[in-house]
Amino acid sequence: MIVPPAAVGVVGGGQLGRYFVLEARELGYETWVLEPDPGSPAGEVAHRHLVAPYDDPDALDQLGAACAAVTTEFENVPAATLDRLAARTVVHPSSGAVSVCQDRIAEKTFLRDNDIAHAPFAVIESEADLAAVPASLFPGILKSARLGYDGKGQVPVDSPDDLRAAYGAVGGVAAVLEKRMPLDLELSVVLARGADGTVRSFPPSENAHAGGVLDVSVVPARVEPSLADAAVELATRVAAVLGYVGTIGVELFVCDGALLVNEIAPRPHNSGHYTLDACTTSQFEQQVRALCGLPLADVGAHSAAVMVNLLGDLWFDVAGREREPDWAALLAIPGLRLHLYGKTEARPGRKMGHVTVVADDRKTAMAGATAARVVLGLPGTVELPG
């Protein structure tokens with residue numbers, strides 16, 4: 001076990017890294033962040049912020065020498081970075097696990113090869129592959145293999161006639177075409193797995209997206225207990241086959257009552273932010289515990305919760321003029337918790353924070369979240385498919 005006051009580090013300086021740092025500090029650890037942005041959310045709350053590229057050898061050697069263990073807050077960290085750090089210190093998750101999750105071709109192939117349920121797909125690595133895509137995959141969604149997130153690098157494709165144009169729209173890079181499935185609802189499971197194989201899973205959340213970006217997460221999800229248990233079992237299997245250590249998010253589709261794995265996030269997940277306010281332990285404390293080999297904590301939810309993302313669009317009026325959301329009115333809503341990430345510049349589509357409404361039951365939490373959306377100028381109801 002790595003115990004306080006040892007130093008722990010995180011590669012990446014966004015909001016996920018910020019919460020990791022805050023939880024690690026609360027537990028008594030010294031905290032380091034490697035992030036090229038000098039004003040990063042994680043860097044501003046860490047004991048030490050190394051302002052350098054993620055592949056800077058001197059910064060990596062300094063981080064590896066100072067920290068007893070290092071993690072990452074995003075999946076696109078270069079595998080070579082994690083390998084260099086692992087030569088000097090404990091690193092979780094491993095570069096092998098991260099490599100699977102940062103490339104859609106590797107991820108889909110991993111699911112297929114391990115008989116983990118997923119949507120049918122085809123790999124497209126060049127224009128020469130377009131003609132061989134089976135007609136059964138249409139309508140589908142073309143997704144670039146790398147660097148795609150929050151709807152970026154994704155293009156709907158209704159028929160084979162649209163595929164060439166869609167491939168050009170994603171830049172003609174390696175991609176997967178995934179069949180668009182009949183969706184009952186979307187779930188995600190966030191769990192922590194220790195190096196000894198111990199797993200603690202948070203209650204599955206029900207999610208809705210807008211423009212490819214997570215909009216709302218609700219706990220408890222509208223599913224039978226047996227399906228919730230099956231979702232946890234499926235996510236647990238994914239983590240075990242990956243040999244994963246740390247906090248992981250597994251996105252799931254429920255299609256005609258069956259579970260399919262959509263994506264794997266080798267880090268805490270946006271849909272798990274509700275754990276900060278509605279659970280006895282947050283996903284970020286579990287990340288610290290798993291990284292350091294501490295016993296994983298209890299993960300029970302003591303409240304129902306609805307989380308709503310706050311995107312940078314809220315900082316602008318309909319004419320495009322800058323404005324500040326009405327925080328006072330928002331904070332007057334019973335059970336509402338406001339989280340702002342400390343980002344200095346608001347941009348449309350950028351995740352600036354979130355609110356979570358906690359209550360004794362789902363209906364009350366949904367009502368509070370709907371009231372919050374009215375204050376924020378978002379659509380006035382919490383919209384969920386199904």
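**Entry 1: cis peptide bonds**

I began with P220, which lies in the loop between strand 13 (213-219) and helix 7 (225-242). The model I am reading is a predicted one. I looked up the peptide bond that joins V219 and P220 and found that it is cis, with omega about 5 degrees. I noted as background that most residues other than glycine have a negative phi, and most peptide bonds are trans. I then turned to P5, which is found in the segment before strand 1. The bond from P4 to P5 is also cis, and its omega is near 5 degrees.

**Entry 2: positive phi**

I next looked up phi for two aspartates. D115 has a phi near 55 degrees, a positive value in a residue other than glycine. I located D115 in the loop between helix 5 (104-113) and strand 6. Is D115 buried or exposed? Its relative accessible area is 67%, which is over the 50% limit, so D115 counts as exposed.

D256 is not a glycine either, and its phi is positive at about 50 degrees. I found D256 in the loop between strand 14 and strand 15 (258-265). With a relative accessibility of 65%, D256 is exposed.

I traced an open sheet of 5 strands with parallel pairing, and wrote down its order as 3-2-1-4-5. Why is one side of strand 3 and of strand 5 left without a neighbour in the sheet? Strand 3 (48-50) and strand 5 (90-91) stand at the edges and each has a single partner strand, so one side of each has no neighbour there. For background I recorded that strands of a sheet pair through backbone hydrogen bonds, either parallel or antiparallel.

I then followed strand 4 to its partners. Strand 1 (residues 7-11) pairs with strand 4 in the parallel sense over 4 bridges. Within this pair, G9 stands opposite V70 of strand 4, and the bridge partner of V10 is T71. Strand 4 is joined to strand 5 by 2 bridges, and these two strands run parallel. Here A69 has V90 in strand 5 as its bridge partner.

Which way do the residues of strand 4 point? A69 and T71 point one way, V70 and T72 point the other way, and all are buried.

I looked up an open sheet of 4 strands and found antiparallel pairing in the order 6-9-7-8. Its edge strands are strand 6 (121-124) and strand 8 (154-157), each of which pairs on one side only. From one strand to the next, the twist averages 20 degrees.

Strand 7 (residues 140-144) and strand 9 (residues 175-179) run antiparallel and are joined by 5 bridges. In this pairing, S144 stands opposite A175 of strand 9.

I also looked up V170, whose place is in the loop between helix 6 (163-169) and strand 9. V170 has a relative accessible area of 12%, which is under the 20% limit, and therefore it is buried. From C-alpha to C-alpha, V170 and V155 are 7.3 Å apart in space, while in sequence they are 15 residues apart.

**Entry 3: cysteines**

How many disulfides does the structure hold? I found 0 disulfides. A disulfide is a covalent bond between the sulfur atoms of two cysteines. I looked up two cysteines as well. C101 is buried, with a relative accessible area of 7%. C279 also counts as buried, at 7% relative accessibility.

**Entry 4: cavities**

Rolling a probe the size of a water molecule over the atoms shows where empty space is left. A search of the whole structure finds 3 cavities of 30 Å³ or more. The largest cavity has a volume of about 50 Å³.

Which residues lie nearest the centre of the largest cavity? Its lining holds 14 residues, and T71, H92, G246, T247 and Q287 lie nearest the centre. The elements that give two or more residues to this lining are strand 4 (69-72), strand 14 (246-255) and helix 9 (283-292). Helix 9 gives the largest share, 3 residues. I sorted the lining residues of the largest cavity by type: 7 are nonpolar, 6 are polar and 1 is charged.

Technical notes. Residues are numbered from 1 along each chain as its sequence is written. This is a predicted model: local features need pLDDT of at least 70, side-chain atom pairs count only at pLDDT 80 or more; totals for chains, interfaces and linings use all residues. Side-chain values use heavy atoms; hydrogens and water are left out. Two strands pair if DSSP finds at least two bridges between them. Axes are lines fitted to C-alpha atoms, for helices over the stretch in contact, and angles run from 0 to 180 degrees between N-to-C directions. A disulfide is a pair of cysteine sulfur atoms within 2.5 Å. Buried means under 20% relative accessible area, exposed over 50%, partly exposed in between (1.4 Å probe, protein chains only). On a 1 Å grid over the protein atoms alone, a cavity is a set of points where a 1.4 Å probe fits but cannot get out, and a pocket is an open set with protein on both sides within 12 Å along at least five of seven lines; lining residues have an atom within 4 Å of a point. Grid points are joined across faces, edges and corners, and a volume is the space filled by probe spheres set on the points. Ala, Val, Leu, Ile, Met, Phe, Trp, Tyr, Cys and Pro count as nonpolar, Asp, Glu, Lys and Arg as charged, and the others, Gly among them, as polar.
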